[in-house]
Amino acid sequence: MADKHLSNQIFGNALNLIPQLGAVGLGRLWRYFGNFESAWFADGNSYLESGLPAKTISQIIAGKSKINPEQS
């Protein structure tokens, strides 16, 4: 259980580094995916299904390419 919590924290911190996402977007990802690790590895269609706007989705995809969750 601790490993799952740590993994969720690592990916949550990494997603939090994407300024355009914000608290509302993080909440949507959490509710849709159930954890931040799944949200991190999701594709654009899944982000769209989660209710995020297209502009935010493009920022997430661009931001993820510049962030290493293990070092965030």
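This is a predicted model: local features need pLDDT of at least 70, side-chain atom pairs count only at pLDDT 80 or more; totals for chains, interfaces and linings use all residues.

Me: Which residues does serine 50 touch, not counting residues up to four places away in sequence?
Reply: A contact within that excluded stretch is a polar one, since the backbone oxygen of tyrosine 47 lies 2.5 Å from a polar atom of the serine 50 side chain. Once residues up to four places away are set aside, the residues that serine 50 touches are Arg28, Leu29, Tyr32 and Phe33.

Me: What is the relative accessibility of tyrosine 47, and where is this residue found?
Reply: Tyrosine 47 is found in helix 4. It counts as buried, and its relative accessibility is 0%.

Me: With which side chain does the side chain of tyrosine 47 make a polar contact?
Reply: Leaving aside neighbours within four places in sequence, tyrosine 47 is in contact with Leu29, Phe33, Ala39, Trp40, Ala42, Leu52, Ile57, Ile60 and Lys64. In the polar contact the separation is 3.0 Å, and the partner of the tyrosine 47 side chain is that of lysine 64.

Me: How many residues does the largest nonpolar core have?
Reply: Those with the most contacts inside this core are Leu15, Leu21, Leu29, Tyr47 and Leu52. At least two residues of the core come from each of helix 1 (2–16), helix 2 (22–33), helix 3 (36–40) and helix 5 (54–64). Leucine 52, leaving aside its neighbours within four places in sequence, is in contact with Leu21, Gly25, Arg28, Leu29, Tyr47, Ile57 and Ile60. The number of residues in the largest nonpolar core is 17.

Me: Why can the buried residues of helix 5 be said to line one face of the helix, and what is the arc?
Reply: The buried residues of helix 5 are Thr56, Ile57, Ile60, Gly63 and Lys64. Seen down the helix axis they fall within a limited arc, so they line one face, while the face turned away from the buried side carries the exposed residues Ala54 and Lys55. What covers the buried residues includes helix 3 and helix 4.

Me: How far apart are the end C-alpha atoms of helix 2, which has 12 residues?
Reply: Among the residues of helix 2, the buried ones are Gly25, Leu26, Gly27, Leu29 and Phe33, and the helix is followed by glycine 34, whose phi is positive, near 85°. At 1.5 Å a residue, the 12 residues should span 16 Å, and the model agrees with this, because the end C-alpha atoms are separated by 16 Å.

Me: What radius of gyration does the chain have, and what would a compact globule with 72 residues have?
Reply: The secondary structure of the chain comes to five helices and zero strands, and along its principal axes the C-alpha trace spans about 35 × 25 × 20 Å. Buried residues make up 39% of the 72 residues, and among contacts with a separation of 6 or more, residues 24 or more positions apart account for 53%. A compact globule with 72 residues would have a radius of gyration near 11 Å, and the chain agrees, with 11 Å.

Note on methods. Residues are numbered from 1 along each chain as its sequence is written. Side-chain values use heavy atoms; hydrogens and water are left out. A nonpolar core is a set of buried Ala, Val, Leu, Ile, Met, Phe, Trp, Tyr and Cys residues joined through side-chain atoms within 4.5 Å. Buried means under 20% relative accessible area, exposed over 50%, partly exposed in between (1.4 Å probe, protein chains only). Helices (H or I, at least four residues) and strands (E, at least two) are DSSP runs, numbered from the N terminus. Contact means heavy atoms within 4.5 Å. The expected span of a helix is 1.5 Å times one less than its number of residues. A polar contact is a pair of N or O atoms within 3.5 Å; within protein, one must be able to donate a hydrogen and the other to accept it, and residues adjacent in sequence count only if both atoms are side-chain atoms. The arc is that of the directions from the helix axis to the C-beta atoms. The radius of gyration is taken over C-alpha atoms; the globule rule is 2.2 Å times the number of residues to the power 0.38.
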